[in-house]
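Q: Could you walk me through this structure and show me how to read its features?

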Amino acid sequence: MEKVYNSKKIEEKWCKYWVDNKTFSAKVDKNKKPFSVVIPPANVTGSLHIGHALNTTLQDIVMRFKKMQGYNTLWVPGTDHGGIATQNVVEKLLKKEGKTKYDLGREKFLEKMWQWRKDVGNTILDQLKMIGCSLDWDRAIFTMDENYSKTVKKAFVQLFKEGLIYRSKRLINWCFRCGTALSDTEVEYENEKSSLWYIKYPVKDSSHYVVVATTRPETIFGDVAVAVNPMDERYTHLVGKILEVPLINREVRVISDYVVDKSFGTGAVKITPAHDATDSEIAKRNNLETKEVINISGKMINVPNKYIGLSIEEARKETVEDLEKAGFLIKTQEYFHSVGKCYRCSTKIESLMSEQWFLNVKEISKNAIAAVNDGKIVFYPNSWTKPYVSWLENLRDWCLSRQIWWGHRIPVYYCVNEEGNRIACTPIASLGKPEKCPYCGGKNFVQDEDVLDTWFSSALWPISVFDWGEDENNEDLRYFYPTSVLITAHDILYLWVARMVQFGLKFKQEIPFRATFIHGLVRDKYGLKMSKSVGNTINPLEIVEKYGADALRFALAQAAAPGKDIQVSGELFLAARNFSNKIWNASRFIIMNLDGVDNFDENIEPVELVDEWILEELANTFTKVESAYESYNIDTAAREIYDFFWTKYCDWYIEFSKIRIISTDVKVKKQVVLILVHILRSTLQLLSPIMPFVTSEIWQILSKNSKIIAESVFFKPYCSGKNGVNAAIEKVKIIQDIIMKIRALRSEMNISPAVDITALFSVLDDDKEKIARENKNYIKRLAKISSIEFGRDITAPKNSAMTIASGFEIFLPLEGFIDISKEKVRLAKEITIAQQELERTTLKLRDEAFIKKAPKTEIEKIRVRLSDAALKIEKINKNLEFLK
């Protein structure tokens with residue numbers, strides 16, 4: 001076994017082994033219970049980012065654990081065509097050549113898209129192999145594969161024929177940059193600084209006016225009413241009155257609607273239904289007309305001549321100036337409000353009237369809600385159940401069509417005449433181009449130009465990966481569907497998770513997955529969102545190169561509290577690498593002491609109290625870790641294993657065992673080595689889902705001395721010891737407390753670790769005295785004590801230090817070990833430094849400006865420093881008392 005753990009060499013070895021040997025390939029096996037998971041398909045646009053690393057690590061941990069339990073595990077890999085995002089990438093490449101997609105035309109542009117996908121589309125899948133993902137690579141799927149397209153077309157046609165898909169001119173979200181409609185869930189909101197303009201709307205045939213506050217003065221030309229809340233007494237007398245819209249003198253009525261916020265501006269708002277979702281709903285309730293003043297190019301239309309063709313920003317500037325000149329503008333006020341932006345390119349979204357394809361979601365939403373309320377799908381953590389249900393309860397019909405070229409083209413055909421012009425005939429939804437129109441008998445057709453929302457095809461992912469479009473009842477679907485769990489971040493709960501439930505129930509009459517494990521997003525150590533512009537992103541591949549894949553995986557697992565965003569930093573990955581090294585070094589120590597031990601499968605027999613203790617601790621750890629894995633508390637599992645291996649096994653049991661390892665009695669040595677190996681093997685199995693590389697390597701090295709085989713690390717862990725019987729644990733706590741208290745006292749009194757000193761134990765408890773006497777060899781070795789004297793009511797010797805530990809007053813005579821006068825001077829300096837730190841941190845925490853601006857993590861660090869300084873002062877004063 002090499003002295004230093006070479007993560008790169010070992011990871012490359014095991015990556016190749018797992019792929020070449022198809023270790024994680026799965027086929028239908030009716031003798032085994034299936035456990036299937038479909039990966040959230042990453043866009044073909046990118047490389048592995050830290051969010052992907054977190055998500056796939058958590059999935060891989062679950063899959064490896066289930067494989068150890070004996071399930072027939074299947075984890076399906078794949079990539080998504082990405083729609084808008086991917087088209088944007090290729091359009092940017094064309095722009096560098098001085099071209100646009102229109103220069104190529106649709107067919108040539110799509111050829112370029114497919115070539116780009118061929119060149120880079122599998123990049124992220126190759127990177128997933130690097131971090132050890134146990135995917136069935138033979139089943140890799142792309143959302144525009146031929147079979148996948150069959151599923152998409154089949155689903156669309158079925159929904160169309162049932163009347164659930166319809167075409168209508170309605171208010172939609174429009175991205176000017178991407179040149180397409182977006183669904184509500186594809187709009188992200190950010191708070192931005194803007195202005196609130198207060199504008200006078202004259203009351204007809206009166207000297208009075210109503211002041212309206214708006215953030216959109218340029219849409220004044222589309223106003224069809226002014227609305228107030230019916231409970232607002234300021235305006236009750238004006239409801240029904242006629243107002244004149246400034247600059248155009250259009251007559252509009254004052255209406256009342258409960259949705260109007262009395263506290264916003266003046267409590268009176270202008271209603272522009274063609275360019276605001278709330279206004280559109282108010283207009284429907286009050287039978288108001290719709291006037292469009294902005295087109296899909298972001299230019300003004302249906303407005304006075306001077307504004308026609310202006311951009312939104314230009315029109316806003318001109319309108320405000322004209323309102324001011326005409327005496328309609330009362331004041332302008334700074335205002336912060338939420339602005340909708342495209343989730344792909346961050347361009348501001350405009351609400352526009354547009355003819356699009358929509359899906360009626362009322363019925364499928366009810367079914368998706370019932371599946372969760374009835375317990376058929378369980379959320380981990382359960383706190384995400386309510387947001388899921390609430391979103392579906394308030395969901396509007398889904399805008400399906402996108403005005404781009406890359407994606408699943410909508411399978412709707414229109415009849416055309418010989419000249420290619422569309423004729424008035426009912427559109428036909430079909431899996432392929434129709435041969436003959438069932439309505440007019442025509443044989444000439446054109447297909448709809450639009451493509452489907454990427455999330456439509458993504459919503460079919462759990463059934464598409466099992467070829468539902470080809471055969472609705474094939475063997476894979478019957479065996480692996482519904483899948484066992486979906487593991488994903490909370491940011492796509494609505495975009496994707498809810499949609500899959502809707503479609504799974506619609507097309508398979510079954511839920512797509514039995515559980516949903518929702519994890520958080522990855523943020524930097526200050527809790528800030530990672531962004532290239534801020535410069536706080538973390539490249540997981542660089543982490544792998546620097547610290548190793550196991551370190552990346554363990555760090556992310558340890559930080560991933562279910563449902564909560566996690567904060568990561570270089571220190572986290574460094575600590576995880578140190579853990580990898582600790583595992584390697586501890587294993588190496590044990591393997592170096594295997595002489596005379598050639599069969600690890602012999603029954604182990606605890607001989608001493610510490611043997612019973614470590615086996616009890618192992619049993620307890622096994623129970624806690626298995627429970628944590630089962631409930632998707634991966635962070636808990638990681639911390640429990642870390643604490644057990646590093647603290648209990650390495651820091652304590654290995655140190656306890658060294659007394660017997662150096663024994664000349666072969667039988668004594670063999671007994672303790674068998675226990676050491678048993679604990680190591682069990683821990684490797686518990687840890688292997690999280691850190692598969694280092695555990696597999698050590699397991700294989702151990703296998704040379706046993707009948708076990710390398711891959712059996714994935715089998716069900718074994719463990720001896722009576723779980724729940726913690727008698728040895730309570731006894732060893734006494735020994736540990738004594739050792740730790742003596743070590744702390746030695747450190748505080750500056751006694752060299754190389755020096756063995758005498759300890760006097762003044763007994764306060766007979767039972768604890770018995771335990772300490774029986775295990776004094778461990779106390780002496782680990783606390784560096786040359787001899788222990790037990791007694792009752794021992795008087796403190798002159799120049800001695802004292803501590804209290806588990807039923808004893810322990811005295812350490814210091815005469816001859818330290819220079820008392822020098823030690824007093826040293827402690828005086830130490831207390832001065834500690835007092836200065838106490839003053840600094842106290843002042844910092846009293847600084848209101850610092851508390852207001854500093855990240856919470858930084859404030860917490862200051863508080864810890866304050867607490868540490870206070871504790872240090874207390875201990876030094878105590879030690880000075882000893883030396884008086």
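Q: Is Asp205 buried or exposed?
A: Asp205 counts as exposed, because its relative accessibility is 75%. Buried means under 20% relative accessible area, exposed means over 50%, and partly exposed is in between, using a 1.4 Å probe and protein chains only. Keep in mind that this is a predicted model, in which local features need pLDDT of at least 70, side-chain atom pairs count only at pLDDT 80 or more, and totals for chains, interfaces and linings use all residues. Residues are numbered from 1 along each chain as its sequence is written, and side-chain values use heavy atoms, with hydrogens and water left out.

Q: Where is Asp205 found, and what is its phi?
A: Asp205 is in the loop between strand S8 (187-202) and strand S9 (209-214). Its phi is positive, about 55°, although Asp205 is not a glycine. As for the labels, helices (H or I, at least four residues) and strands (E, at least two) are DSSP runs, numbered from the N terminus.

Q: What is the phi of Asn302?
A: Asn302 has a positive phi of about 55°, and it is not a glycine either. Asn302 is found in the loop between H8 and H9, and it counts as exposed because its relative accessibility is 59%.

Q: Gly298 is in the loop between H8 and H9 as well. Is Gly298 buried or exposed?
A: Gly298 is buried, with a relative accessible area of 8%. The helices on either side of that loop are H8 (277-285) and H9 (312-325). Contact means heavy atoms within 4.5 Å. Leaving aside neighbours within four places in sequence, Gly298 is in contact with Phe176, Leu310, Ser311 and Ile312. Take Leu310: it is 12 residues from Gly298 in sequence and 8.4 Å away in space, C-alpha to C-alpha.

Q: How many helices and strands does the chain have?
A: The chain has 28 helices and 30 strands. Its C-alpha trace spans about 105 × 70 × 55 Å along the principal axes. Of the 884 residues, 52% are buried. Among contacts with a separation of 6 or more, 78% are between residues 24 or more positions apart.

Q: How do I read a pair of packed helices?
A: Two packed helices are described by the angle between their axes and the distance between the axes. Axes are lines fitted to C-alpha atoms, for helices over the stretch in contact, and angles run from 0 to 180 degrees between N-to-C directions. Here, helix H19 (residues 609-630) and helix H20 (residues 634-661) pack at about 170°, with axes 9 Å apart. That makes H19 roughly antiparallel to H20; the word applies to angles over 145 degrees, while under 35 is roughly parallel, 65 to 115 is roughly perpendicular and the rest is oblique.

Q: Which residues of H19 and H20 meet?
A: On the H19 side they include Trp613, Ile614 and Leu618, and on the H20 side they include Phe644, Trp652 and Phe656. The residues of this contact divide into 15 nonpolar, 2 polar and 6 charged. In that scheme Ala, Val, Leu, Ile, Met, Phe, Trp, Tyr, Cys and Pro count as nonpolar, Asp, Glu, Lys and Arg as charged, and the others, Gly among them, as polar.

Q: Which peptide bonds are cis?
A: One of them runs from Tyr380 to Pro381, with omega near -5°. Pro381 is in the loop between strand S16 (378-380) and helix H11 (385-393). The bond from Tyr481 to Pro482 is also cis, with omega near 0°, and Pro482 is in the loop between helix H14 (475-480) and strand S23 (483-489).
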